[in-house]
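Please find below a colleague's note on the model under review.

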Amino acid sequence: MESVKISDLYDLTQSLAGEALIELTYPWEMLPKIKELIPVLGEKLDPAVYEKKGENIWIAKSAKIASTASITGPVIIGEDTEVRPGAFIRGNALVGNHCVVGNSTELKNVILFNNVQVPHYNYVGDSILGYKSHMGAGSITSNVKSDKKLVVVKGSSEKWETGLKKFGAMLGDHVEVGCNSVLNPGTVIGRNSNVYPLTSVRGVIPSDSIVKSMADIVEKY
C-alpha cells in the first residue's frame with residue numbers, strides 16, 4: 001500500500017516533534033516549520049537533562065559529541081545520541097534519542113526520530129527519518145531537482161504538489177537504505193521497507209517492500 005500520510009509512516013511518540021506533526025497531514029508540510037519549532041521545543045526541555053550550549057542549541061547531557069563535530073543552531077540533540085568526528089550539523093536539526101550521526105555526515109533541516117542511524121558519510125537534507133530507520137554508508141538524500149522546479153511526490157496513481165523547492169526524503173519507521181543509494185527529491189518510503197545498495201530511488205515506495213531497483217520492487221513475506 002502506498003503510504004504518504006504522517007499517520008501511515010510514523011510512531012509520533014518517538015519524536016519531540018510528535019505533537020506538531022499530528023496537526024498536519026503530510027510529513028513534508030513540516031519542513032518549512034522545523035526552524036521555528038526547535039526553539040519552542042528547546043525552551044521547554046528539562047535543564048536537568050539538556051544543556052543549552054549556544055544560541056538555540058540544546059544538547060542532552062548524556063549525548064556524546066566529538067570535539068571535531070560542527071554544530072550550528074537551531075538544533076536539539078537527544079539523550080544518549082552519538083555525534084561522531086567530522087559530523088556537520090548545519091542547523092534546523094531535531095535529532096532524537098539514541099541516534100548516531102556519523103563520520104562526515106551532514107544534516108540540514110531535518111527531523112530524526114529516536115534510534116535513527118546515519119553513521120557513515122551520509123547527506124540528509126530537508127528530510128524526516130522515522131523511528132529506527134537506518135541509512136547505509138554513503139547513502140544520501142538529493143533535495144533539489146536538477147531543473148530547480150518545485151518537487152512533486154509521485155505515486156503510482158496519484159501526485160501531490162508540495163510547493164517546495166527543497167525536499168529530500170520521508171522515511172517511515174524501520175526503513176533500511178542500502179549503501180551508496182540515492183533518494184531523489186520527493187521520495188517517500190513506507191514503513192518496514194528495504195532499499196538495496198546502489199539504488200536510485202524516486203516516488204512513493206509502499207510499506208513492507210524490498211526495492212531491488214525501481215523496476216524490481218517486491219513485497220516482503
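1. Basis. The model is predicted; local features require pLDDT of at least 70 and side-chain atom pairs count only at pLDDT 80 or more, whereas totals for chains, interfaces and linings use all residues. Numbering starts from 1 along each chain as its sequence is written, and side-chain values use heavy atoms, with hydrogens and water left out.

2. Salt bridges in general. Side chains of opposite charge can pair when their charged atoms come close. The structure holds six salt bridges (a side-chain nitrogen of Lys or Arg within 4 Å of a carboxyl oxygen of Asp or Glu).

3. Aspartate 126 and lysine 108. Helices (H or I, at least four residues) and strands (E, at least two) are DSSP runs, numbered from the N terminus. Aspartate 126 is buried at 5% relative accessibility, and lysine 108 is buried at 13% (buried is under 20% relative accessible area, exposed over 50%, partly exposed in between, with a 1.4 Å probe and protein chains only).

4. Arginine 191 and aspartate 173. Arginine 191 lies in the loop between β20 (187–189) and β21 (194–195), and aspartate 173 in the loop between β17 (169–171) and β18 (176–177), so the pair ties together parts that are 18 residues apart in sequence. Arginine 191 is partly exposed at 25% relative accessible area, while aspartate 173 is buried at 3%.

5. Lysine 53 and glutamate 51. Lysine 53 is exposed, with a relative accessible area of 52%, and glutamate 51 is partly exposed at 37%.

6. Aromatic pairs. The structure holds three aromatic pairs (rings of Phe, Tyr and Trp, the last by its six-membered ring, with centres within 6.5 Å; planes under 30 degrees apart are stacked, over 60 edge-to-face and the rest tilted). Tyrosine 10 and phenylalanine 113 are stacked, at 5.0 Å centre to centre and 20° between the planes. They lie 103 residues apart, tyrosine 10 in the loop between α1 (6–9) and α2 (18–21) and phenylalanine 113 in the loop between β10 and β11 (117–120). Both residues are buried.

7. Tryptophan 28 and phenylalanine 167 form a tilted pair, with 5.8 Å between centres and 35° between the planes. Tryptophan 28 lies in the loop between α2 and α3 (34–42) and phenylalanine 167 in the loop between β16 (159–164) and β17, so the pair ties together parts that are 139 residues apart in sequence. Both are buried, and Tyr26, Trp28 and Phe167 form one aromatic cluster.

8. Serine 127. This residue lies in strand β12 and is buried, with a relative accessible area of 0%. Leaving aside residues up to four places away in sequence, serine 127 touches Leu31, Asn109, Val110, Ile111, Thr141, Gly168, Ala169 and Met170 (contact means heavy atoms within 4.5 Å).
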